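The sequence and structure come next.

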Amino acid sequence: MLVMLIRAAVSADLDAITHLRTERHELLRQSDARFAPLTDNPSTWLTDSAARVWVVEVSERIVAYALLYGERCPLGDLPPQSAALIEMALDAHRYYGGTGSALAKYVREAAPTLWVAVPRFHAVEQAFWRAFGAKRCHADNLPLNAAFEWMCVQ
């Protein structure tokens, strides 16, 4: 049985986070050209006081990460008592049973209302969040790239 550790990310995790992020983004770009090339650097997340970055470690290997913003979100103003999950990625090369669900449950505890940026045409990811009670939602004050849509979990 694999032991999973969910913890706050540290600078030593940046290479693994960048790899997981790039891999997920390239897979998304293959299915939807609206995904623009990545231009920001995850190292800025660790110095942003509003950002929370968690990683999942299995056998001393980072296999997933999540980027969450609390009160202040770079995309706009969040409703009170809300958090926004901007990114979440898992290792696509190996199966780590329950990793995504464990990380989602952990992130879900961040605020009474969780806004999740979900790829618009990815039914599997949308179904994953619906299993946590998410519904499509709209927020004029939280604009997203057209390739994404918001889902909310309350």
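The points below go from the overall fold to the aromatic pairs.

The model is predicted. Its chain contains four helices and nine strands, in the sequence order β-α-α-β-β-β-β-β-α-β-α-β-β. With a radius of gyration of 15 Å, close to the 15 Å that the globule rule gives for 154 residues, the chain is as compact as a globular protein of that length.

**Overall dimensions and packing**
- Along the principal axes, the C-alpha atoms fill a box of roughly 40 × 35 × 30 Å.
- Of the 154 residues in the chain, 47% are buried.
- Contacts between residues at least 6 apart in sequence join residues at least 24 apart in 63% of cases.

**Aromatic pairs**
- The structure holds six aromatic pairs.
- One of them is the edge-to-face pair of W54 and Y106, at 5.3 Å centre to centre and 80° between the planes.
- W54 belongs to strand β2 (residues 51–58) and Y106 to helix α3 (residues 99–108), so this pair ties together parts 52 residues apart in sequence.
- W54 is buried at a relative accessible area of 11%, whereas Y106 is partly exposed at 37%.
- W115 and W150 also pair edge-to-face, because their ring centres are 5.9 Å apart and their planes stand at 90°.
- This pair links strand β7 (residues 113–119), which holds W115, to strand β9 (residues 148–153), which holds W150, across 35 residues.
- Both W115 and W150 are buried.
- F128, W129 and F132 are joined into a cluster by ring pairs.

Key
Residues numbered from 1 in each chain as written. Predicted model: local features only at pLDDT ≥ 70, side-chain atom pairs only at ≥ 80, totals over all residues. Heavy atoms only, no water. Helix = DSSP H or I, 4+ residues; strand = E, 2+ residues; numbered from the N terminus. Rg over C-alpha atoms; globule rule 2.2 N^0.38 Å. Buried < 20%, exposed > 50% of the residue type's maximum accessible area, 1.4 Å probe, protein only. Contact = heavy atoms within 4.5 Å. Phe/Tyr/Trp six-rings, centres within 6.5 Å; stacked < 30°, edge-to-face > 60°.
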